[in-house]
Amino acid sequence: MKDQVYEFYLVIPLGLEGVALSELQSWVQLDSKAITRSKGGISLLAPLEVGLSLNLVLKVPTRILLRLKKFKCTDFEKLYQKLKKIPWGDYATKGEVQWKISSKTSRLFHKRRLLEVCNKAYTKYRIGQPPRTTQGSEPQAFHVQFYDDICTLSVDTSGEHLFKRGYKTFSTKAPLRENLAAGLLLFSINELPLSPSDLTLIDPLVGSGTFLTEAAGLYKPTNAFRTFSFMHFRLLEKLQLKVLPPTVNKTTFKNFFGFDNSEEAIKACTENIKNFGGSDIQISHRDLLSPPSDTQGLAPSIVITNPPYGERLSKIPSNLLMTSIAEQYHPQAIGLLLPSNTQVKPPSEYKKKSELKIKNGSIDVTFHLFVEKSSF
Ligand SMILES: C[S@@+](CC[C@H](N)C(=O)[O-])C[C@H]1O[C@@H](n2cnc3c(N)ncnc32)[C@H](O)[C@@H]1O
């Protein structure tokens with residue numbers, strides 16, 4: 001049982017599957033046949049403690065599911081009989097659990113009926129196996145997904161979304177999700193023939209500080225700030241397994257600078273950085289559109305930022321933004337996240353290197369990566 005291989009499913013934001021795959025491969029050495037990439041996810045075959053440990057280190061996934069069973073099912077009685085036999089107590093310590101039910105092109109699609117069957121099977125199981133008295137605060141959730149009459153049952157190993165790292169107590173207007181920021185940082189690192197450890201990372205529109213804290217924590221475990229559902233799995237005790245964070249031999253940026261013209265953002269960002277423990281991250285008040293000041297000490301640098309867009313924040317025209325970044329910081333590369341319908345023309349000393357299309361909430365956005373012509 002101990003050497004058994006388990007199937008995990010990493011839920012990945014659309015557009016970041018390639019970046020997530022390279023992140024996964026840098027943390028764990030697995031046979032390429034054990035990994036399957038699909039739209040919005042990565043399936044993975046790995047020992048239990050290895051798959052669970054990915055919660056502690058991966059920055060791009062939204063959550064990690066552990067597959068428990070897959071079977072064809074077209075009637076409620078068969079579903080009940082199958083679910084009754086699941087060893088729920090290996091994963092859930094509570095009397096009540098959450099069910100995440102979905103159904104597509106299947107005969108069983110009535111969500112309320114499906115929920116009734118799940119609850120009935122779980123309650124029946126609990127008659128012989130009462131829940132433990134100790135209850136973790138993490139939600140304990142099972143996913144029941146029907147697709148073409150095939151039922152896939154999984155347990156959520158993460159609990160809170162993985163982009164909730166646990167240290168961000170202060171927010172600002174339109175913060176970027178942590179896993180999107182991490183994905184864009186990793187994309188930039190993968191795309192540029194530069195060692196990040198030689199570069200200063202600058203975010204001139206720093207907001208709550210997401211890019212900087214994500215960059216500083218890119219190769220560190222996140223479990224110092226939060227817990228995960230799998231920590232209560234009784235299966236780990238049964239198999240006498242310990243889940244330890246893997247390590248990676250990679251270095252992040254040399255140092256980190258953030259600027260913003262809002263006092264409120266500076267305050268929030270400073271608090272978040274204090275919680276995070278990022279003593280090498282420096283924040284100060286500066287308007288990007290003010291006349292350039294001396295920033296020689298920051299070179300060589302890369303600027304990665306998401307400018308204000310949409311109705312909640314006043315926009316800065318993209319060409320003015322590019323010119324101001326180039327004049328203020330003279331970075332070797334600039335990464336900008338903009339709505340996909342925005343035209344952006346770099347100043348003459350820069351050229352487009354690559355781009356990545358993702359979704360930020362419901363908005364289609366494109367991350368544009370520009371490089372300085374003289375450096376590349
Ligand atoms: C979309 S938010 C950045 C969000 C940030 N990435 C985060 O995750 O929290 C844009 C930020 O740009 C700042 N900003 C807008 N115009 C600016 C300017 N001219 N100079 C400096 N900061 C500016 C706003 O105060 C806001 O904090």
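Student: Which domains does the domain assignment give?

Tutor: Domain bounds come from an automatic or database domain assignment. Here the assignment gives domain 1 (5-156) and domain 2 (178-217 + 252-372). Residues are numbered from 1 along each chain as its sequence is written. The model is predicted, so local features need pLDDT of at least 70 and side-chain atom pairs count only at pLDDT 80 or more, while totals for chains, interfaces and linings use all residues.

Student: How many residues of domain 1 are in contact with domain 2?

Tutor: Two residues are in contact if their C-beta atoms, placed from the backbone, lie within 7 Å. Eleven residues of domain 1 are in contact with twelve of domain 2. The C-alpha centres of the two domains are 36 Å apart.

Student: How do I read strand β6, and which strands pair with it?

Tutor: Strands are DSSP runs of E, at least two residues long, numbered from the N terminus. Two strands pair if DSSP finds at least two bridges between them. Strand β5 (residues 98-104) pairs with β6 in the parallel sense over seven bridges, and K100 has H143 in β6 as its bridge partner.

Student: What is said of D148?

Tutor: The hairpin of β6 and β7 has two residues between the strands, and D148 takes a positive phi near 50 degrees there.

Student: Why is β6 called largely enclosed?

Tutor: A residue is buried if 20 or more other C-beta atoms, placed from the backbone, lie within 10 Å of its own. Five of the seven residues of β6 (residues 141-147) are buried, so the rest of the structure largely encloses this strand.

Definitions and conventions
A residue is buried if 20 or more other C-beta atoms lie within 10 Å of its own, exposed if 12 or fewer, and partly exposed in between; C-beta atoms are placed from the backbone. Helices (H or I, at least four residues) and strands (E, at least two) are DSSP runs, numbered from the N terminus.
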